Amino acid sequence: MRYLDKNERPKIKLPLSSHDQVIEFIAIAFLLFLFILPIRYYGDIPDRIPTHFNAAGTPDGFGSRTSLWILPLTGLGLWLLMTIVNRFPDKFNFPVKITRENAQVQYRFATRMVRILKCVILIMFSFISYRTIQTALGKEAGLGRIFLPVFLILTFGVVIIYLFKANTTSDQS
């Protein structure tokens, strides 16, 4: 079995499986929700809103309500970037050597990981945006203590599961 360097890897067009389509749909739904939130609440919130939260989820920085647009715009930028990057899995760095035999499986795992991470990021941005608005309206007191651990577990969990699957599948190829 010959290992391929990045320039020799096959360029495979991976059709979206039904799982991938669901993940993409969820990501787009949360991206839209991320834009709907500030549109819906912009006139209701005060001029000064929380713009930063400490590790305990308590607001520790404040700014103008126009800062509500930072997360939707950042989310859109990340969605675009991750969507474009996902079209070129042959350029990814992999935890295993890529061969002609394992390329399709490894590309599928890697692109799915990027899709799921995109979804997790947009869900978390939506949660932050929602809780920021609710905190500004006096209905919540921040993100909550559980936010940071949940975000970290989800993010690193996706990566760890990917690494495990990529390495165990590589051993069988």
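Predicted model: local features only at pLDDT ≥ 70, side-chain atom pairs only at ≥ 80, totals over all residues.

User: How do H1 and H2 pack, in terms of angle and axes?

Analyst: Helix H1, which covers residues 18–41, packs with helix H2, residues 70–85, at an angle of about 155 degrees, and their axes are 9 Å apart. Because angles over 145 degrees count as roughly antiparallel, H1 is roughly antiparallel to H2. The crossing of H1 past H2 is left-handed.

User: Ok, salt bridges next: how many does the structure hold?

Analyst: The structure holds ten salt bridges. One of them joins Lys-118 and Glu-24, whose closest N and O atoms are 3.0 Å apart. Lys-118 lies in helix H3 and Glu-24 in helix H1, so this pair ties together parts that are 94 residues apart in sequence.

User: And is Lys-118 buried or exposed?

Analyst: Lys-118 is buried, since its relative accessible area is 2%, and Glu-24 is buried as well, at 14%.

User: What about Asp-47, which partner does it meet?

Analyst: The side chain of Asp-47 meets that of Arg-65 in a salt bridge, at 3.5 Å from N to O. Asp-47 counts as exposed, with 56% relative accessibility, whereas Arg-65 is partly exposed at 22%.

User: Changing topic, which residues make the nonpolar surface patch?

Analyst: Leu-148, Leu-152, Phe-156 and Ile-160 make a nonpolar surface patch of about 370 Å². Phe-156 is placed in helix H4, residues 147–172, and counts as exposed because its relative accessibility is 52%.

Key
Residues numbered from 1 in each chain as written. Heavy atoms only, no water. Patch = residues over 30% accessible without salt bridge, like charges linked within 9 Å, V, L, I, M, F, W, Y side chains within 5 Å. Areas by Shrake-Rupley, 256 points an atom, 1.4 Å probe, with all protein chains shown as cover. Salt bridge = Lys/Arg side-chain N within 4 Å of Asp/Glu carboxyl O. Helix = DSSP H or I, 4+ residues; strand = E, 2+ residues; numbered from the N terminus. Buried < 20%, exposed > 50% of the residue type's maximum accessible area, 1.4 Å probe, protein only. Axes fitted to C-alpha atoms, helices over the stretch in contact; angles between N-to-C directions. Parallel < 35°, antiparallel > 145°, perpendicular 65-115°, else oblique. Left-handed = near helix turned anticlockwise from the far one by under 90°.
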